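This report looks at one strand with its neighbours, then at a group of aromatic rings. Keep the sequence and the model open while reading.

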Amino acid sequence: MRPSRLIVPALALLIAGCTSSAGPGAASSPGPATAPAGSPGSATAPAVTQSPPSPGAWDWPNYHRDPAHTGFAGAAPPAGPLSIAWTRRLDGAVYGQPLAIGGLVIAATEGDSIYGLDRATGQVRWRAHVGTPVPLASLPCGDIDPLGITGTPVYDPATRLVYAVAETSGYHHVLVGVSVASGRVAVRRDIPAPDGQPRFDQQRAALTLAGGRVYVGFGGLFGDCGPYRGSVVGVPASGRGQLISYLVPTAREGGIWGAGGLPVGRGGTLYAGVGNGAATGGAYDDSDSVTALSPGLHRTGIFAPAVWAADNANDLDLGSMSPALLPSGLVLSVGKRGTGYLLDGARLGGVGGQLAQGPVCPAFGGAAVRGTVAYVPCASGGLAAVNTAGRRIRVLWRGPAPAAGSPVIGGGAVWVADWDAGDLYQLGPATGHVRQRIALGSPLPHFASPSLSGPFALIGTMSGVTAVAGA
């Protein structure tokens, strides 16, 4: 950790409407204890007296900022010299992107806690502890210990709640809605597993908010053990009313697990990257696909590579990277095989129905998009800037080889993390040239992606959250 700290006067004005009463001890501890996790509306005592404003130019309310998950922060100030502004240790690893709402940074942990942190200082404003996470020793397979909240939360300005899904003891997946003003749990609802196999399901995909519903994608544990099947569940943001769901019609697997979740395109269509399924010949089973879903979670379109059977047999599917939505209405899908497929978002084309294809890289996480260029997170060889102009696929450049995280764009730069070393890179968008690199002082979760909020890049680590000044 670097000792330097940046506090910007303009930022202080933005957070003035969110007064903290947490006291001086809040910055040095994970936060106060909460009511029992099983009680409806359990949360910490209110620590903030006023609600922050609706999402503004410096806010980051969901994965990669906007409904299409483009990862572009248009209001970010010009990127400057990097320094560590603050680091806050929490009660577990932060696998999802931190959110930024008003003067708060929202972070959800594998300890099944959701925190509201002061954006300027990292001080704990409130903590909502929502359950007991599941230890790895009690799971049939996996690689997260313990397993609590993994998917990136989402904020709803209509309810002023931030939603997250916690895995809790007994293999329950619980949607909670927490007030950003106070940390009080206002919504709590069990999500029954659509595949009937909650012990084998994992919620890793970022949550999506659209049309008054929170959409939750499910895949399997690392190792693909057990009889799970991928699914999406739609939950009313109020917490009340009928659940809707989509279950991938494969005999097994077909996980919807990519960290970028389900981006929302034209007409409210949700696009899911679906993992490999059981079929390796014969009838196609809707796995290894980009699947388009209506707001009611009816399948409205699908694309699969002509080599879907070989992909399924060799774990080379499209589920590892969430579909990248381009402003033109096109969709770029890149999976474990490393082939990029350019699709018509309105008519995905079925098996072998791509508009174009070309080599990119084995891709994991969520891409960032600006104009015709998608910045694709590559498992090896460095980030790939892929130009889709003219309905073609052309790799413009590759970034630094160790930086395999999911990129974002803002302040005239591309930001990408090396999760093994715990470094954050600032790249030139035209060439991929490394402008700056900073050590964050901690290893990062796989597929880590920073959030850009005013002068800060905020990133989850294996021990909490770090804010980098200079974004």
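In strand E5, Gly116 is the bridge partner of Ile106. The model is predicted. Five bridges in total join E4 to E5, which spans residues 113–118. The two strands run antiparallel. They form a hairpin with 4 residues between them. In that turn, Asp112 has a positive phi of about 60°.

**The other side of the pairing**

E4 is also joined to strand E3, residues 99–101, by 3 bridges. E3 and E4 run antiparallel. Here Ile101 stands opposite Leu104 of E4. E3 and E4 form a hairpin too, with 2 residues between them. Gly102 lies in the turn and has a positive phi of about 55°.

**How enclosed is E4?**

E4 covers residues 104–108. Of its 5 residues, 5 are buried, so the strand is largely enclosed by the rest of the structure. Side chains in a regular strand alternate between the two faces of the sheet. Both faces of E4 are covered. Leu104, Ile106 and Ala108 are buried on one side. Val105 and Ala107 are buried on the other.

**Aromatic rings**

The count of aromatic pairs comes to 7. Two ring centres must lie within 6.5 Å to pair. Two of the pairs involve Phe447 and are set out here.

| Pair | Centre to centre | Angle of planes | Class |
|---|---|---|---|
| Trp257 and Phe447 | 6.0 Å | 55° | tilted |
| Trp419 and Phe447 | 5.6 Å | 80° | edge-to-face |

Both pairs link distant parts of the chain. Trp257 and Phe447 are 190 residues apart. Trp257 sits in the loop between strand E15 (244–247) and strand E16 (270–274). Phe447 sits in the loop between strand E31 (434–439) and strand E32 (451–453). Trp419 and Phe447 are 28 residues apart. Trp419 belongs to the loop between strand E29 (413–418) and strand E30 (423–427).

The cut-off for buried is under 20% relative accessible area. Phe447 has 11% relative accessibility, so it counts as buried. Trp419 has 12%, and therefore counts as buried as well.

Which residues do the ring pairs link into a cluster? They are Trp257, Phe364, Trp419 and Phe447.

Technical notes
Residues numbered from 1 in each chain as written. Predicted model: local features only at pLDDT ≥ 70, side-chain atom pairs only at ≥ 80, totals over all residues. Heavy atoms only, no water. Buried < 20%, exposed > 50% of the residue type's maximum accessible area, 1.4 Å probe, protein only. Pairing = 2+ DSSP bridges. Phe/Tyr/Trp six-rings, centres within 6.5 Å; stacked < 30°, edge-to-face > 60°.
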